[in-house]
Amino acid sequence: MLFKLSGGTVYDPENGIDGQVRDVWMQGGKVVAEPTGGVRPDRELDVRGYVVMPGGIDMHCHIAGPKVNAGRKMTPEMKRFDPICRRTDVTRSGTAGPVPSTFTTGYMYSQMGYTTAFDAAIPGLLARHAHEEFADTPQLDKGFFVLFGNNHYVMDRIREGEHEQLDAYCSWMLESAKGYTVKIVNPGGVESWKQISRMSMQQLDEPVPSFGVTPRAIVRELAAASDRLKLPHSVHIHCNNLGIPGNWETTQHTMESLEGHRGHFAHVQFHSYDGDPNDPRSFRSATSRLVDYVSAHPEITVDVGHVNPGQTLSMTGDAPFSQHLFRLTGNKWFTADCEQESSCGVIPIEYRPEKSLIHAVQWAIALEWYLLMDDPWRCAMTSDHPNGGAFYRYPEIIALLMDRELRRDTMARLPHGLAERTDLADIDREYTLFEIAVITRASPARILGMKHKGHLGVGADADVTIYTPNTDRRLMFERPRWVIKGGTIAAEDGDIREEVFGETLFVEPGYEDEALPGIKDWFEDHYTIRFRNYGVDEHEVAQPRVVPCDSPQDGPAVASHDDGDASGA
Ligand SMILES: [Zn+2]
């Protein structure tokens, strides 16, 4: 079907289109060039006066796998009080709250205009579970990052300096799990905690007990391996010492440890704290120093991990941090170990910036990151869903970024002391619609190395969101007029019109067969399951799509794609 969107006001930053009136033509799930010779479309939607953007992309969230299920099971009291989409002829009944059921997750992203999402922390051992949940999550293209930063085999190879075997293992693991990139969570720190239950600051040059490798070496070597494998997205890093006052130095040292390799720093808000770890009253922002460092290093990208007021869950591969939160709050707490690979922790948390100065500073640090980064192309919008707040609250943050008066009115209700702990009150910048389109679509697509997403040029996936303009930006972005997924109208005025099952995105970097016996022997000695049962077969993956590994090895993380063509939009 040839489908035409007529006369919309298009914001397509990747193709340099900033609010120009254009038609968008779609066919076979792709954006196509306007046909010549007066060909009529099979369907035409008049979108004159509406704002047209590519579908939204969430590059770091937690929507699949056992940790998410643990969160669902332990918070029955949170299921009812959050917005849930209205029933339509095509929807199934699900539960909401900060961790919605699988298909409700898809519906709620779709009704907000998002069409792609990546889960940021899946152990290879539990990849099959994540794929089964993906297969039950409509309206989205999906992928996940695989945990490597405390993996025993990885730490052994790094200690022994066996780069070829490290590359082969990363490649084999990504192919076995059908994962998208190498994820590091609290490098070495989780393993140290497992062994000695440590709760002090993890130093970057302090070796992990029994393994003799430092967090610095883990980051450097996995970043180098990811570049040698030419992964479309760089290594994806959750630094040591998340949430601890004074952790900004750890964050900057971790950035330095890349030694020029590409690296993405996740939920950087939680890693931008100045102050004394033992004195919460000293807590303050260190955002501007880290922004300066990131701005001077084009190989580094970030997503923010902002904080919304209200109840949510912390859900992380950083089990020591979950224990830290448990000690602070006394809330019910779930933790689990995942054999040689990783751990996880889940704990309810409530952000109360109007009562807690620390929560207010966290809220402000996130906004500082969005507003101080001159180059929005290296910054993506995330709340580390559900850690900083549920994904469906992104429009609240969009409204704050676009309106400095709204920020000031909000700050006036927050505790005294905020102004001297952050620079937020002095920032006048207001995001434009073009810049919002960058941080919610174009930059996550570029950072993830997906040339077929985040823009409306010829050949792009036909994922399009059409908004009714409104000076109330929260309302505008909460309920788009139409959401098109792969060329099909998936949602209309917030109601799901069609269940559209998207693709599963993963990589196949390739490895030599002679690397396998070494991995297999180690595996049979250490795991509770057989090697032959570990890998996920392609037939177990819903609508598999391989994204090519062709990133420049040492080039900037965010090289512009060159096969887009603005003529279609
Ligand atoms: Zn996360």
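**Reading the pockets and helix packing**

Guide: Helices here are DSSP runs of H or I with at least four residues, strands are E runs of at least two, and both are numbered from the N terminus. This is a predicted model, where local features need pLDDT of at least 70, side-chain atom pairs count only at pLDDT 80 or more, and totals for chains, interfaces and linings use all residues. Residues are numbered from 1 along each chain as its sequence is written, and side-chain values use heavy atoms, with hydrogens and water left out.

Visitor: What counts as a pocket, and what volume does the largest pocket have?

Guide: On a 1 Å grid over the protein atoms alone, a pocket is an open set of points where a 1.4 Å probe fits, with protein on both sides within 12 Å along at least five of seven lines; lining residues have an atom within 4 Å of a point. Points are joined across faces, edges and corners, and the volume is the space filled by probe spheres set on them. Here, the largest pocket holds about 970 Å³. Its lining has 47 residues, and those closest to the centre are Gly243, Phe321, His324, Leu325 and Leu328.

Visitor: How does the lining of the largest pocket divide by class?

Guide: Ala, Val, Leu, Ile, Met, Phe, Trp, Tyr, Cys and Pro count as nonpolar, Asp, Glu, Lys and Arg as charged, and the others, Gly among them, as polar. That gives 21 nonpolar, 20 polar and six charged residues.

Visitor: And which helix gives the most to the lining of the second largest pocket?

Guide: That's α12, with five residues. The pocket has a volume of about 380 Å³, and 20 residues line it, with Glu396, Ala399, Leu400, Leu406 and Thr410 closest to its centre.

Visitor: At what angle do α12 and α13 pack?

Guide: Axes are lines fitted to C-alpha atoms, for helices over the stretch in contact, and angles run from 0 to 180 degrees between N-to-C directions. For α12 and α13 the angle is about 110°, with axes 5 Å apart. So α12 is roughly perpendicular to α13 (65 to 115 degrees). Contact means heavy atoms within 4.5 Å: Ala399, Leu400, Leu401 and Met402 in α12 meet Arg404, Leu406, Arg407 and Thr410 in α13.

Visitor: How do α11 and α13 cross?

Guide: Their axes come within 12 Å, at roughly 165°. α11 and α13 are therefore roughly antiparallel (over 145 degrees).

Note on methods: Parallel < 35°, antiparallel > 145°, perpendicular 65-115°, else oblique.
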